[in-house]
Amino acid sequence: QLMESGGGMVQPGGSLTLSCATSGFTLELYTVTWFRQAPGKGREGVATLRPSGNTYYGHSVEGRFTISADGAKGTVSQEMRSLKPEDTGVYYCAAEQIVRYQWRPGSYTNWGQGTQVTVSS
């Protein structure tokens with residue numbers, strides 16, 4: 001089970017940190033990816049954390065977003081800095097044990113309910 005929190009409204013240039021609380025599985029064995037969905041668009045993968053500890057970022061967020069995990073708490077966070085209006089959307093965390101194509105939503109069967117992020121002046 002996954003549950004996101006931390007969304008909200010922020011001005012351009014601001015920061016937010018999202019959190020994904022996990023339960024029912026061993027986080028260290030799973031690939032976790034943050035996706036976002038803007039109105040009228042499909043889900044876009046933005047940041048991935050592999051069991052190896054390797055992280056991967058979409059081109060549009062690289063250098064601004066940071067994904068990390070706290071295994072003891074079972075949470076995966078995404079720190080977002082220098083936010084832009086185009087970062088607006090519903091952000092979802094997704095987890096799966098074996099993932100070949102990390103940016104494909106169909107690679108994941110475990111999803112949270114999403115949290116809204118709005119970047120606007």
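Let me open with a question: are Arg 64 and Asp 87 buried or exposed? Both Arg 64 and Asp 87 are buried. Keep that pair in mind while we walk through the rest, and please remember that what you see above is a predicted model.

So, the charged groups. A search of the whole structure turns up 4 salt bridges, and I'd like to show you how some of them connect. Arg 64 and Asp 87 meet through their side chains, with N to O at 2.8 Å. Arg 64 sits in the loop between strand S6 (55–57) and S7, while Asp 87 sits in the loop between S8 and S9, and the two are 23 residues apart.

Asp 87 also forms a salt bridge with Arg 36, again 2.8 Å from N to O. Since Asp 87 belongs to the loop between S8 and S9 and Arg 36 to strand S4, this contact ties together parts that are 51 residues apart in sequence. Arg 36 is buried, at 6% relative accessible area.

How does Glu 44 count in terms of accessibility? Glu 44 is partly exposed, because its relative accessibility is 33%, and the band for that label lies between 20% and 50%. Put together, Arg 36, Glu 44, Arg 64 and Asp 87 are linked in a network of salt bridges.

Next, the cysteines. The structure holds 1 disulfide, joining Cys 20 to Cys 93 with the sulfurs 2.1 Å apart. Cys 20 is in strand S3 and Cys 93 in strand S9, so to speak distant parts of the chain, 73 residues apart. The torsion about the S-S bond is about 65°, which means the disulfide is right-handed. Cys 20 and Cys 93 are both buried.

Cys 20 takes us on to the sheet, as it is the bridge partner in S3 of Glu 4. S1 and S3 run antiparallel and are joined by 4 bridges. They belong to an open sheet of 4 strands, ordered S1-S3-S8-S7, with antiparallel pairing. Strand S1 (2–5) and S7 are the edge strands, each pairing on one side only, and the twist averages 15° from one strand to the next.

Last stop, the nonpolar core. The largest one has 25 residues, and Trp 34 and Met 80 touch the most other members. Several strands supply at least two residues each, including S3 (16–22), S4 (31–37) and S9 (89–96).

Thanks, everyone!

Definitions and conventions. Residues are numbered from 1 along each chain as its sequence is written. This is a predicted model: local features need pLDDT of at least 70, side-chain atom pairs count only at pLDDT 80 or more; totals for chains, interfaces and linings use all residues. Side-chain values use heavy atoms; hydrogens and water are left out. A nonpolar core is a set of buried Ala, Val, Leu, Ile, Met, Phe, Trp, Tyr and Cys residues joined through side-chain atoms within 4.5 Å. Buried means under 20% relative accessible area, exposed over 50%, partly exposed in between (1.4 Å probe, protein chains only). Two strands pair if DSSP finds at least two bridges between them. Axes are lines fitted to C-alpha atoms, for helices over the stretch in contact, and angles run from 0 to 180 degrees between N-to-C directions. A disulfide is a pair of cysteine sulfur atoms within 2.5 Å.
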